Amino acid sequence: MPHPTPIQGNTPNRIDRIAALLLMALTLALGMAFVGPAHAQTDAHAGVDTRIQPGDDFFAYANGAWLRDTPIPAGKDRVTARTELVDLGQQRIAELMEHARTQAVGSLARKIADFRTAYLNQAAIEAAGMAPIKPLLRRIDQVRDKADLARLLGSELRADVDPLNKGVYDSAHVLGLSVEAGLHAEKNNVAFLVQGGLGMASRDDYLNLAPDKQALRAAYQTYIARALASVGPQSTDKLPARAQAVLALETALAQSHATPQDSAEDHNADNLWMRADFAQKAPGMDWSAFFAAAGLARQQEFVAWQPGALQGLATLVASTPLQVWTDYLRFHAVARYADVLPQVVTQAALAFRTAQGITPADREQRALEATQQSLNEALGRVYVERYFPAEEKVRLQHIAADVIAAFDRRLQSVSWMSPVAKAVARAKLQTVYFGLGYPETWSDYSGLRISPQDPVGNLQRVVLRDYQQALARVGQPVDKRAWAMGAHRVGAVLLFQQNAYNFPAALLQAPKFDASASDATNYGAIGAIIGHEVSHTIDTLGVEYDAAGALHKWWTPEDTARYQLATQPLVAQYAAYQALPDAAVNGQVTLVENLADLGGLAAAFDAYRASVASKGLGKEALRQQDQQFFIGFARSWRSKLSDEALRKQIATDNHAPDSLRIATVRNLDAWYEAFDVLPGQRLYLEPKARLRIW
């Protein structure tokens with residue numbers, strides 16, 4: 001399963017740097033004891049709170065100025081490094097959009113601008129009326145029998161699912177296609193068929209008998225009727241019954257669908273169906289017609305991710321009247337493009353979203369979201385060209401290589417892991433692809449036509465391009481360096497079956513990574529994060545996948561038992577932390593993330609020290625560099641939460657609060673030496689109590 005990076009405080013933001021003399025003047029004026037310019041201290045030291053002993057609260061010491069100057073925004077319950085980066089990313093995307101409008105017609109940037117322009121051109125949308133979807137409606141009108149229906153359903157197969165990388169288990173169409181690496185180290189890409197066809201968010205919306213769900217279904221039926229009314233002359237007295245029949249069809253589809261829990265099971269990839277199996281295992285639909293229309297006439301092998309959904313679809317194709325199916329298709333043709341059709345259609349869609357409990361974003365924001373989703377990699381590329389120089393990627397790659405090598409050296413001396421398991425772990429570390437910033441190669445958008453006057457056509461051409469690219473990957477060699485995220489996204493993902501990790505450029509901003517900061521600071525910040533993710537490739541998250549990406553558990557039962565014994569002191573260490581008087585950390589629930597923090601920080605420190613070993617630094621200069629390293633680590637997780645938000649995190653999150661994640665430093669001897677941490681201070685641990693597990 002995909003694991004959105006445990007960067008859960010995921011990334012963060014830019015720290016304002018104030019000239020040392022100005023900072024001293026400001027802090028003196030405020031009566032605050034923040035560090036000034038003495039001893040030519042670097043930016044890493046500016047803003048620490050010297051009223052606090054590092055050994056008592058290192059998080060508050062390192063983040064003093066930020067904690068003082070950064071309020072929680074009105075209406076929010078937190079401000080974190082991640083939320084700051086999200087805000088920065090939104091600001092940059094807005095700047096990109098404005099800049100893109102001035103670029104040459106046909107350029108990548110201009111295509112992005114034209115897509116958004118078309119989406120926002122309400123006057124042109126109103127003038128076009130329903131004409132943009134008339135060709136699709138005519139195709140539906142031409143369905144005369146169930147073979148025609150199978151062909152139409154096949155022609156609408158799209159690559160809008162991703163069960164392994166992104167955990168997308170439901171298609172907007174009756175089925176979705178994903179082409180990606182399998183689970184058994186297959187050298188060529190596998191074709192996955194995934195369930196779909198529901199207009200509401202989940203099967204539970206159709207099947208749950210709770211009053212609120214029944215009310216939701218009534219609102220959905222009203223929406224279906226309004227959509228059907230928008231696509232042609234018909235007697236309005238029949239619309240409620242037709243809408244009810246469409247809802248009944250979707251309800252039957254939902255009954256055949258796998259639950260979210262079952263859909264999330266990786267072993268679904270073992271449901272291999274040959275072409276002949278479809279007629280035998282899922283009778284009722286002309287699968288040959290379906291696959292021919294989908295461009296998959298020659299494909300012989302598929303993974304049926306949710307076999308019951310395939311069987312249910314085929315049964316319903318055979319048993320449901322053709323008129324109901326064509327109404328179903330008409331409704332979804334309208335719903336799919338509702339936001340770029342006339343206001344009467346858009347408002348009906350927004351009204352249903354409100355019934356779902358979703359507050360619709362304004363049109364500007366919806367246009368931006370549609371642009372980002374549709375032109376994901378294109379937007380990432382122009383983001384990188386403007387905000388992320390190539391030399392930053394090179395610098396990050398050096399840091400990553402150093403940290404991975406340091407982790408490997410530590411792994412060799414681990415006593416709780418068997419030699420066999422250790423060999424697999426080392427192979428994973430030696431072959432892992434750590435994607436930083438952006439992909440090694442970019443997709444070609446030159447053949448994609450985007451019109452500033454045709455939002456429906458733009459959407460159709462984008463999804464068709466994506467589908468054609470997916471078809472071209474079927475049976476081709478797996479690209480272990482393929483990315484699953486756009487470079488402009490504030491997020492990250494660990495791809496176990498590729499033994500790879502994607503860390504987009506938008507996440508690589510201060511204080512996670514700061515191109516203007518020292519190497520020591522960056523090893524402490526991004527280096528420790530890289531080390532954290534490296535840990536996940538070989539801990540209880542990554543233990544299910546070997547170096548080739550095959551799904552098989554490579555720890556022995558004895559490894560697991562020794563791991564549990566070795567990590568109990570870390571469980572106890574975190575269980576002793578009280579985030580609030582009535583909210584203690586659950587050391588067992590947070591164990592995997594705490595272990596990754598510990599191992600990642602230790603490996604990053606080793607890597608940093610190795611990087612300066614040849615520089616001949618004196619004792620005091622090295623001490624200053626060590627301080628920068630640890631301050632960089634502490635600032636990479638800066639955050640401020642309301643008590644309510646903190647209490648909720650303690651109850652529901654498998655990450656400890658950020659301030660307590662920073663307490664990991666107390667397990668490294670070098671931290672004590674760098675900051676003169678002494679017995680009696682709150683974070684002090686006796687040397688024998690300091691933990692080393694990786």
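Is W555 buried or exposed? W555 counts as buried, because its relative accessibility is 5%; buried here means under 20% relative accessible area, exposed over 50% and partly exposed in between, with a 1.4 Å probe and protein chains only.

This is a predicted model, in which local features need pLDDT of at least 70, side-chain atom pairs count only at pLDDT 80 or more, and totals for chains, interfaces and linings use all residues. Residues are numbered from 1 along each chain as its sequence is written, and side-chain values use heavy atoms, with hydrogens and water left out.

**Aromatic rings**

The whole structure holds 40 aromatic pairs. Rings of Phe, Tyr and Trp (its six-membered ring) pair if their centres lie within 6.5 Å; planes under 30 degrees apart count as stacked, over 60 as edge-to-face and the rest as tilted. Two of the pairs are listed here.

| Pair | Centre distance | Plane angle | Class |
|---|---|---|---|
| W416 and W555 | 5.5 Å | 75° | edge-to-face |
| W671 and Y672 | 5.0 Å | 75° | edge-to-face |

W416 lies in the loop between α20 (390-412) and α21 (419-431), and W555 in the loop between α23 (519-538) and α24 (557-575), 139 residues apart. Helices (H or I, at least four residues) and strands (E, at least two) are DSSP runs, numbered from the N terminus. W416 is buried at 5% relative accessibility.

W671 is buried at 0%, and Y672 is buried at 5%. Both belong to one aromatic cluster, whose members include F58, F605 and Y684. The charged end of R690 sits over the ring of Y672, 3.6 Å from its centre; this requires NZ of Lys or CZ of Arg within 6 Å of the ring centre and within 35 degrees of the ring normal.

Four strands form an open sheet in the order β3-β4-β6-β5, with mixed pairing. Two strands pair if DSSP finds at least two bridges between them. β3 runs antiparallel to β4 (residues 190-195), joined by six bridges; E180 has V190 in β4 as its bridge partner.

F302 is located in strand β6 (residues 301-304) and is buried, with a relative accessible area of 1%. Its contacts (heavy atoms within 4.5 Å) include A191, L193, L272 and W273, not counting residues up to four places away in sequence. F192 is 110 residues from F302 in sequence, yet their C-alpha atoms are 5.7 Å apart.
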